Amino acid sequence: DVLSTGAFKSDKLKFTTVCKTLLEAGDDELENYCGEVCFGLAEAVQGVSNQYSNSKKEIAKLEKILVQKSGQLLDAKGRQGQCLHSKQNLEGFQTYLESLDAEIVVRHEAVRKAERDLDNALWALEDLEKKLAEQRELEAAAANLLTGASEAVQEAREALAAVKKDEDQLLELIAVAKTRVAELREQLANMKEAVDATLEIKKYVSATALKMGYYVDVAVREPVRQIGLVEETDVWDYFKEDVTNEQCSATFKHHLSDFHEYCTGPAMTAFEKIKHFVDLTPLCTLDDESKIAGEGDEAVQTRIGLLTQDLTGVQTWLDPFKGTGMTTEKEIAKVEMGEPEGLRQVVGVYGMIKFYTGYMKEWKIGRGIFHDLLNKLTAETQELEGDLLYEVEKVLPPLDEALTETSKRRAEAQARLDAALADEQAALQGKDELEKVVASLETQVVGAQNMLTDLEDALKK
C-alpha cells in the first residue's frame, strides 16, 4: 500500500543491504539462503515501486508531451523550409519567364522592322510591275492605232517596238528582284521561327528541371523532414559529445559495479568451493571494473559519432545544391547569363543519368554546347538583319539603269508619236483616241519613275 500511492520509490541496492542486515544473512550465500531471499524481495519491491512511482508518471507524461511538441515543431520547420524553397523556385521561374518574354520582344522588334522593310520593297516592286503592265497596254493600244505608211508613222511604230523590248528586260529584272526579296523574307521568317523555338525550349527545360527538383523534394527530402531531420536541425542537440557525464552512463556503471562486486565476491567464493566438481569460475572471470566501464563509454561514444556523421550526411541531401558548390545567389547569376532556371538543383540526384549527362548539362553556361549554338544563331540573325538592306539595294542599280534606258526609249517613242500626230500627211484613223493614249502614257511614265524613287527612299530609312 505504501508503494502503490507513489509517494516513495525503492532502491534495490539499499533494500538488499538493509534486508541482509535484518536477517543476519552474512556473506556466505551457500550456508545462508537469506541473502537470496533478500535479492528476490528487492527485485519484486523495485518492480512495484517503478510501476507506481509518481515521479516516473510525471516524467513519462512530460516526456510524452515533449516528444509531441518537438514533433510538431520539427514538422512546422520542415513545412516552412519546403514552402520557402518552393516559393523561391516559383518566383525565380516567373522572373525567368518574364526575362525570356522581354528577350522575345526585343528580338522581334528588330525582326519586325526588317520584315516591314522587305514587305515595303516587295510591294513597291509589285506596284512597279503593275505600272509597267499598264504602260505596255497603252503602248500596244498606241501601236494598233498607228496606221498608214508615212515615214513618221513607221518611225513611231519602230520606237514603240524598241520600248517594248526594253520593258521586257525591265520586267525580267523586276521578277528577279521580287524573287530575291521573297527569299530574304523567307530566310528572315525562318530565323525568327528558330529563335522563338529556342526560347520556348529554354522554358520547357527550366520547367522540366524544376519538376525534377520537385520530384526529389517530395520523394526524398519531405520524408527526411517528416522524421524530424530538417535544415535547421543540429544533430548534436540530441547527442552528447561526452557521454561519460550523463546519467545513463552513471546508471550503467552503478549496475556494473553491483554485478562486478557480486560476481567477484560471493559468487566466486561459492564457485571455489565446488571447483573440484565443476569449475564455474569462468562465469565470473572479468576484467577490472574501470576497464569495462571505460570500454562501454568508448563504444557508446563511437556509435554516437558514427550516427551523427550519418545523420549529418542525410541532412545534406535537404540542400538542392548538394555537391555542386552552388548557392541561390550563384544560381541567380547563372540564370541572368542565360542558363535555364532550376538546372543547378538537379545535379546532385540526377547527375549520373543519361538525360542529364547527355543533354541537360549542355545548357550550363561556359561548359555546355547549347549556348554556343544559340550565340551562333543570334549572330546569324543579326548578320542577316544587317545584310537585308545591302542585299535589296544590290537589285536597285540594274532596275534603275533599265528604267532609265526604258524611259529614254519612251521619250523617243513619245517624240515619234507626237511627230506622227503632227504630220498632216499621216492618215491616222482614230487620231483623237491616239492623242488620249499618248497623254495617258506620259502620265504612266512619270508614275513609274516616281515609284522607283520611292523604293530607294524607303530602303534608306
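Tutor: Begin with burial. Buried means under 20% relative accessible area, exposed means over 50%, and partly exposed lies in between. Keep in mind that this is a predicted model. Now apply the cut-offs. D297 has 11% relative accessibility, so D297 counts as buried.

Student: What share of the residues of the protein counts as buried?

Tutor: Of the 461 residues, 34% count as buried.

Student: Which secondary structure does the protein have?

Tutor: The protein has 12 helices and 0 strands. Along the sequence, the pattern reads α-α-α-α-α-α-α-α-α-α-α-α.

Student: Back to D297. Which residue forms a salt bridge with D297?

Tutor: First the rule: a side-chain nitrogen of Lys or Arg must be within 4 Å of a carboxyl oxygen of Asp or Glu. The partner of D297 is K253, and their closest N and O atoms are 2.8 Å apart. K253 lies in helix α5 and D297 in helix α6 (residues 289-316), so the pair ties together parts that are 44 residues apart in sequence.

Student: Is K253 buried, exposed or partly exposed?

Tutor: K253 has a relative accessible area of 28%, so K253 is partly exposed.

Student: How many salt bridges does the structure hold?

Tutor: The structure holds 7 salt bridges. Look also for bridges that share residues. D217, R221, E222, R225 and E231 are linked in a network of salt bridges.

Student: Why are R225 and E222 separated by about one helical turn?

Tutor: Because they are 3 residues apart in helix α4. Both R225 and E222 are buried.

Student: And E231: buried, exposed or partly exposed?

Tutor: E231 has a relative accessible area of 33%, so E231 is partly exposed. R225 is at 3%, which means R225 is buried.

Student: Next, aromatic rings. How many aromatic pairs are there?

Tutor: Rings pair if their centres lie within 6.5 Å. That rule gives 3 aromatic pairs. Take F355 and Y359. They form a stacked pair, 5.8 Å centre to centre, with 15° between the planes. Planes under 30 degrees apart count as stacked, so 15° qualifies.

Student: What sort of aromatic pair do W363 and F370 form?

Tutor: W363 and F370 are edge-to-face, 5.1 Å centre to centre, with 65° between the planes. Both W363 and F370 are buried. F355, Y359, W363 and F370 form one aromatic cluster.

Student: Now the surface. Which residues make the nonpolar patch?

Tutor: Patch residues need over 30% relative accessible area and no salt bridge. Here V18, L22, L23, V37 and L41 make a nonpolar surface patch of about 440 Å². Helices α1 (12-22) and α2 (34-52) each supply at least two of the patch residues. V18, for one, is found in helix α1.

Student: Which residues form the negative surface patch?

Tutor: D234, D237, E241 and D242 form the negative patch. D237 sits in the loop between α4 (151-226) and α5 (247-273). At 59% relative accessibility, D237 counts as exposed.

Student: Last topic: contacts across the sequence. How far apart are the C-alpha atoms of A156 and D418?

Tutor: A156 and D418 are 262 residues apart along the chain, and their C-alpha atoms are separated by 8.6 Å. A156 is found in helix α4. With a relative accessible area of 0%, A156 is buried.

Student: How far apart are the C-alpha atoms of L13 and H255?

Tutor: L13 and H255 are 242 residues apart along the chain, and their C-alpha atoms are separated by 9.4 Å. L13 lies in helix α1. At 38% relative accessibility, L13 counts as partly exposed.

Key. Residues are numbered from 1 along each chain as its sequence is written. This is a predicted model: local features need pLDDT of at least 70, side-chain atom pairs count only at pLDDT 80 or more; totals for chains, interfaces and linings use all residues. Side-chain values use heavy atoms; hydrogens and water are left out. Patches are made of residues with over 30% relative accessible area and no salt bridge: like charges are joined within 9 Å, nonpolar side chains (Val, Leu, Ile, Met, Phe, Trp, Tyr) within 5 Å. Accessible areas come from the Shrake-Rupley method with a 1.4 Å probe; for residues, only the protein chains shown count as cover. Lys and Arg count as positive and Asp and Glu as negative; His and the chain ends are not counted. The place of a charge is taken as NZ of Lys, CZ of Arg, CG of Asp or CD of Glu. Helices (H or I, at least four residues) and strands (E, at least two) are DSSP runs, numbered from the N terminus. Buried means under 20% relative accessible area, exposed over 50%, partly exposed in between (1.4 Å probe, protein chains only). Rings of Phe, Tyr and Trp (its six-membered ring) pair if their centres lie within 6.5 Å; planes under 30 degrees apart count as stacked, over 60 as edge-to-face and the rest as tilted.
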